[in-house]
Amino acid sequence: LKKNFNYILGPGDKILIDHGPDLLELKSISEISLEGTINLPRLNEIYVSGLTLEELRDLLNKKYAEYLLQPNVKVSIVSFRKVNAYILGEVNSPGLYYLDTLSTKDELDVINDQNNVDRLNFYPRLFDALKKAGGVTLYSDLSNIEITRVNPISEGGGYIRTNVNFMDALLNGNSSLNLRILSDDVIKVKRNENINLEQVNQAMRTNLNKKFINVFVSGR
């Protein structure tokens, strides 16, 4: 997956629309509704879910051209919606999970500091997703984690897929492999035929798994 993958907007995202210092009356923060729309001055309701920031900017420039001479809209994200990801395979609790995002700056401050918006947010990453699903099992193959992601419409649509050697991240601190997780990602941890104790120990040392496990003993 590309490191500079374009974020796809969806319900719950809050976005800042800015027309520059001469058109402050059109500057606003809008949250995308469950129907995938936002309400903007002069344009009223407009459907934006599924677009990237660049696609939305182009769309708004086109629509505002009916009212303004050479509009130059700037679009940025104030706060991200919760990320829903499917975590499957060799994790302790596979299923659909919602991963928190966090904005650390007040919205009013963001309006005056939009160049720093992207640095004011916390993005869930692969480590966070695996931990949320209870960590890995004895048979997890952390050297072969498959991630499937929605591809932006402007880049062909459909889905793209990659395989990640996450053991390299845990053993060698290769942070580039701790990929950012986006909504609708599907994360699948492949299975080893044999127990890999090295992976289990490393998962416990890095706080990916609990340091203690429950064991049920029955019989005599």
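1. Start with Arg 81. This residue is buried, with a relative accessible area of 13%. The cut-off for buried is under 20%. Keep in mind that the model is a predicted one.

2. What does Arg 81 form a salt bridge with? The partner is Asp 13, and the closest N and O atoms of the pair are 2.4 Å apart.

3. Next comes Lys 82. Its salt-bridge partner is Asp 100, with 3.4 Å between the closest N and O atoms. Lys 82 is in the loop between E5 and E6, and Asp 100 is in the loop between strand E7 (95-99) and strand E8 (102-103), so this pair joins parts that are 18 residues apart in sequence. Is Asp 100 buried or partly exposed? Asp 100 is partly exposed, because its relative accessible area is 44%.

4. Now turn to two strands. Glu 146 forms a salt bridge with Lys 190, and their closest N and O atoms are 3.9 Å apart. The cut-off for a salt bridge is within 4 Å, so this pair counts. Glu 146 belongs to strand E10 (residues 140-150) and Lys 190 to strand E12 (residues 186-191), so the pair ties together parts that are 44 residues apart in sequence.

5. Check how covered these two residues are. Glu 146 is buried, with a relative accessible area of 18%. Lys 190 is partly exposed, at 23%.

6. How many salt bridges does the count come to? The count is seven. Among them are Arg 81 with Asp 13, Lys 82 with Asp 100, and Glu 146 with Lys 190. As background, side chains of opposite charge can pair when their charged atoms come close.

7. Last, look at strand E2 (residues 28-31). Ser 28 and Ser 30 make up its covered face. Ile 29 and Glu 31 make up the uncovered one. E2 pairs with E1 in the antiparallel sense, over four bridges. Ser 28 in E2 is the bridge partner of Ile 17.

Definitions and conventions. Residues numbered from 1 in each chain as written. Predicted model: local features only at pLDDT ≥ 70, side-chain atom pairs only at ≥ 80, totals over all residues. Heavy atoms only, no water. Salt bridge = Lys/Arg side-chain N within 4 Å of Asp/Glu carboxyl O. Buried < 20%, exposed > 50% of the residue type's maximum accessible area, 1.4 Å probe, protein only. Pairing = 2+ DSSP bridges.
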